Amino acid sequence: MKVVESVAGMKALARRWRKDGKTIGLVPTMGYLHEGHLSLVRESKKRADITAVSIFVNPTQFGPKEDFKKYPRDLARDSAYLENGGADCLFHPDAAEIYPPGYRSYVRVEGLEDRLCGRSRPGHFRGVATVVLKLFEIVGPDLAFFGAKDAQQVLIIRRMAADLNLDVEVVTCPIVREADGLALSSRNTYLSAEERKAALSLSTGLRWAEKAVRAGERDAGRLVAGIRSVLEAEPLARVDYVEAVDPETLEPVAEVRGEVLLALAAYFGTTRLIDNVRLRA
Ligand code: AMP
């Protein structure tokens, strides 16, 4: 596996791959890799000739009071993980390489960036869209792989790719969960044993809603209230939001008809976790 730290080096390598007629898959991450990330690598290996993984803890997507500084980082562990997973290249630039002095340009995906997580994390998706556009420009992937766990993120990236005529296919991969249902996340490492138990209420609430819809429930308000009560039964959980929205516009829906995205975020101590499920009725 090639490890590249400079933008120029990454561009040159990607240029060579393209010249050799190889298709390129890109898996953008912030590192501290787990099986969720690896599932994206596996999908890329299936669909592209070359799989490049980026690890970049992107400062512009963290708010001033968020966990940028303490976000878990372990490059040695991540490289070994990727090497085993069969990635061809690890792109690991530092912040000054991506945002050199004088940096001024940002991408906004209006209307989608302010909803759900955007409400409690102002500027987050501006940072995400910007860094992903830059990664697309640097690597020039044919395919880029994102997890459905960050449903709003992948929707915003898709919208950006369509709006800006990017030559990349955005692929959404299913959420990978622990055996008990908790969605894998690098931030799970922050949780104490008690918080880890309480965090199970996220997937438990969503599973309850799925069952309710299967049993005929169509009222979005009742589904949201039911999920909230599962979370609020946990003294260690503090709900940020629970919403039933249209999966394309993220506008709240009153009724489950066609496809609906149930999305939520909650704090366990200082750790903010998200989860979601897409339902169809
Ligand atoms: P992150 O390193 O948290 O920024 O995540 C990098 C990519 O991995 C994003 O596209 C995430 O949606 C995806 N991802 C993170 N956790 C999971 C998971 N549990 N299942 C599937 N994909 C995931």
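A residue is termed buried when its relative accessible area is under 20%, exposed when that area is over 50%, and partly exposed in between, as computed with a 1.4 Å probe on protein chains only. The structure is a predicted model, in which local features need pLDDT of at least 70 and side-chain atom pairs count only at pLDDT 80 or more, while totals for chains, interfaces and linings use all residues. Residues are numbered from 1 along each chain as its sequence is written, and side-chain values use heavy atoms, with hydrogens and water left out.

The chain contains nine helices and nine strands, where helices (H or I, at least four residues) and strands (E, at least two) are DSSP runs numbered from the N terminus. The radius of gyration is 19 Å, close to the 19 Å given by the globule rule for 281 residues, so the chain is as compact as a globular protein of that length. This radius is taken over C-alpha atoms, and the rule is 2.2 Å times the number of residues to the power 0.38. The C-alpha trace spans about 55 × 40 × 40 Å along its principal axes. Buried residues account for 51% of the 281 residues. The accessible surface amounts to about 13,400 Å², with 49% of it belonging to carbon and sulfur atoms; such areas come from the Shrake-Rupley method with a 1.4 Å probe, and for residues only the protein chains shown count as cover.

Contacts (heavy atoms within 4.5 Å) were examined by their separation in sequence. Among those between residues at least 6 apart, 71% join residues at least 24 apart.

Strand 5 (residues 143-147) is largely enclosed by the rest of the structure, because four of its five residues are buried. Strands are said to pair if DSSP finds at least two bridges between them. Strand 5 pairs in the parallel sense with strand 2 (residues 24-29) over two bridges, and glycine 25 stands opposite leucine 143 of strand 5. Strand 5 also pairs in the parallel sense with strand 6 (residues 169-173), here over five bridges. Alanine 144 faces valine 170 of strand 6 in this pairing.

Strand 8 (residues 259-268) is likewise mostly covered, eight of its ten residues being buried. Its pairing with strand 7 (residues 237-245) is antiparallel and extends over eight bridges, with phenylalanine 268 of strand 8 as the bridge partner of alanine 237. Strand 8 is also joined by ten bridges to strand 9 (residues 271-280), and these two strands run antiparallel. Leucine 279 of strand 9 is the bridge partner of valine 260. Two residues lie between the strands in the hairpin of strand 8 and strand 9, where glycine 269 takes a positive phi near 65 degrees.

Two helical residues were considered individually. Glutamine 152, in helix 7 (residues 151-163), is buried, with a relative accessible area of 5%. Leaving aside residues up to four places away in sequence, glutamine 152 touches Leu112, Glu113, Arg115, Leu116, Cys117, Gly118, Phe125 and Leu250. Glutamine 152 and valine 139 are 13 residues apart along the chain, and their C-alpha atoms are separated by 23 Å. Arginine 16, in helix 1 (residues 7-19), counts as partly exposed at 49% relative accessibility. Arginine 16 and glycine 118 are 102 residues apart in sequence, with a C-alpha to C-alpha distance of 38 Å.
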